[in-house]
Amino acid sequence: MEHPAAVRATELRKSFIVTERESGVGAALASLVRRRREEVAAVDGISFALQPGEIVGFLGPNGAGKTTTLKMLSGLLHPTGGEVSVLSHVPWKREKAFLRQITLVMGQRSQLVWDIPAADSFELNRAIYRIPASDFKSTVQELTDLLELGPLLRKPVRNLSLGERMKCELAAALLHRPRVVFLDEPTIGLDVTMQRRVRGFIAQYNQRLGATVLLTSHSMADVEALCRRVIVIHHGKLLFDGELAALVGKFTAHKTIAVKLEDGEADGVLAERVLAYLGQYGDVISREEGVVTLRVPREETARVTGRILADLPVIDLTVEDPPIEEVIERVFAAESS
Amino acid sequence: MGLGDVYRQQFRTTLASFIQYRASIFIWTIDRILEPLIYLVVWSAVARATGGSVGGFDTAQFAAYFIVLMLVTQVTYTWVMFEYEYKIRHGSLSFALLRPIHPIHTDLVDNVSSKLITLPLMLAAAAVLVVLFRPVFSPPPWAAALFVPALLLAFGVKFAVEWTLSLSAFWTTRVGAINQGYFVAALFLSGQMAPLSLLPHPLQVAAAILPFRWMISFPVELLLGRLSPGQAMTGLAAQAAWLALALLLLRTVWRAGVRVYAAVGA
């Protein structure tokens, strides 16, 4: 028998009524008499399902509808249309049994009490979520180890750096060991080291508890490190749902081949001949320190690689997909035009 | 475990937060001491100028009225009306909504905690004022006994009404105007500026029909021994009725407000 999905959205829609006016006093006065109202679909009929234990990247440019979707999944927003089910609950009813099993972390907002140490906020959450004392103790210990919270827990939250606060924020959100975790930009504003630590932590949490994680991030490093599967939305519509690798395959028709040649081959007199030779297979996009990078059509990759290896004095050759940022950029650009 | 545990933890949290704001808390408390003190000085002067008493209050009785008023105000005040606009506009209510507990519990404990912290200062101020102004009041024992439930009900009514009003922030950005209107009405009709019996008759009626008298004035009148047993019982019944009505409204308005919040977002 197939497991029921942990999260399921069917034709999910959310539209907002926005009033708008031009700038200036005249327009301000005019808007007193008649307001121009417009219905804007923030989420426009998207469907997907997450299996228990899956960790999925939720991608899209600013304003694509990611946060709106997360808010509908966590129960903060009532959908305008379609259906949504999380752990077999209807989120917007916000039943206690539901709320005890989920969490929403918003990287730009804080649930911790500003003026007191995070440890005190943790105690408050323990009481609110009715976490048994022994579980609480071991969970805090575990989170403290994983996130290296030690000394941070005793300082007032307002004295923590952004990264330190974010770690405490994550810990506070996971004390009740939610089975479904919604993360909205969990690494925003963090330095590279801290980002890596938070990513590692999310991966471990997912593995240890088999929790389902849906994560939005502008950091492709987050997505590549954590998510095999991604869902891409744009203008409230679903563009792609599948493996990250397939996204790259679908939206890029090229691969890059970097060729390192024996000393001197790529420079000087010979260079022109080499470049002319490589140019017949694809576009030379860079040429530095003896390495020539070539962009070739995907399906040609194998053949071209073979020819280059046979014809040139190659020291090293690598075939790569274009960077994921570039792929995503291309996805959105293609959609907008 | 359960709600008691939440209350205990919330109390500790609030206490810890308040300690960070000792100076502000001190200033706000001084504020609540000064306001009745100013009215007391003014009314005493008026009483002396008009031959010793105004509307059945001489200077010692005014002193008793405003000192008791100060303590009742201390027990019944809330600040939820200033908070909700911020919480709703800035989306911090979202976190509260995602917790498996009604946000009103936090507000209630917050409120009670702050009062426990400032109570010693208030009592000290009251003692000083008693020495300075020599109030006279001798409530019958039954009235003194009923004062306690009347005071708690007064707090209940005020908290429920103001919590409900603060939810107007779900619908409008002009919460400030609503608050202002409410506070002006409360200033006159709850007996903060003058004993209600000194007001024109229509205003007295309005104060009794609206919840205002039952939020502050009624327990004061009771402790000053100005009510008959019959009036006291009617008053307690009015408080209970207002509390029930306010809680009912609170529930309805909260649900409707959260629906709007869920529709519009923040």
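Student: In E7(A), which residue is the bridge partner of A:Val181?

Tutor: Strands of a sheet pair through backbone hydrogen bonds, either parallel or antiparallel. In this predicted model, A:Val181 has A:Val213 of E7(A) as its bridge partner. The pairing of strand E6 (residues 180–184) with strand E7 (residues 212–216) of chain A is parallel and extends over five bridges.

Student: In what order do the strands of the open sheet in chain A lie?

Tutor: The six strands of this open sheet follow the order E5-E6-E7-E3-E8-E9 in chain A, and the pairing is mixed. At the edges are strand E5 (102–106) and strand E9 (237–243) of chain A, each of which pairs on one side only. From one strand to the next, the twist averages 15 degrees.

Student: Which strands does helix H2 of chain A lie across?

Tutor: Helix H2 (residues 66–74) of chain A lies across E3, E5, E6, E7 and E8 of chain A, and its direction is at about 155 degrees to E6(A). Helix H9 (residues 244–251) of chain A lies across E8 and E9 of chain A, at about 120 degrees to E9(A).

Student: How many residues of chain B are in contact with chain A?

Tutor: There are 23 residues of chain B in contact with 25 residues of chain A. On the chain B side, the elements giving two or more residues are helix H1 (3–20), helix H5 (93–97) and helix H11 (229–264). H1(B) gives the most, with nine residues. By class, this side of chain B has 11 nonpolar, eight polar and four charged residues.

Notes:
Residues numbered from 1 in each chain as written. Chains lettered and ligands numbered in written order. Predicted model: local features only at pLDDT ≥ 70, side-chain atom pairs only at ≥ 80, totals over all residues. Pairing = 2+ DSSP bridges. Helix = DSSP H or I, 4+ residues; strand = E, 2+ residues; numbered from the N terminus. Axes fitted to C-alpha atoms, helices over the stretch in contact; angles between N-to-C directions. Contact = placed C-beta atoms within 7 Å. Nonpolar A, V, L, I, M, F, W, Y, C, P; charged D, E, K, R; others polar.
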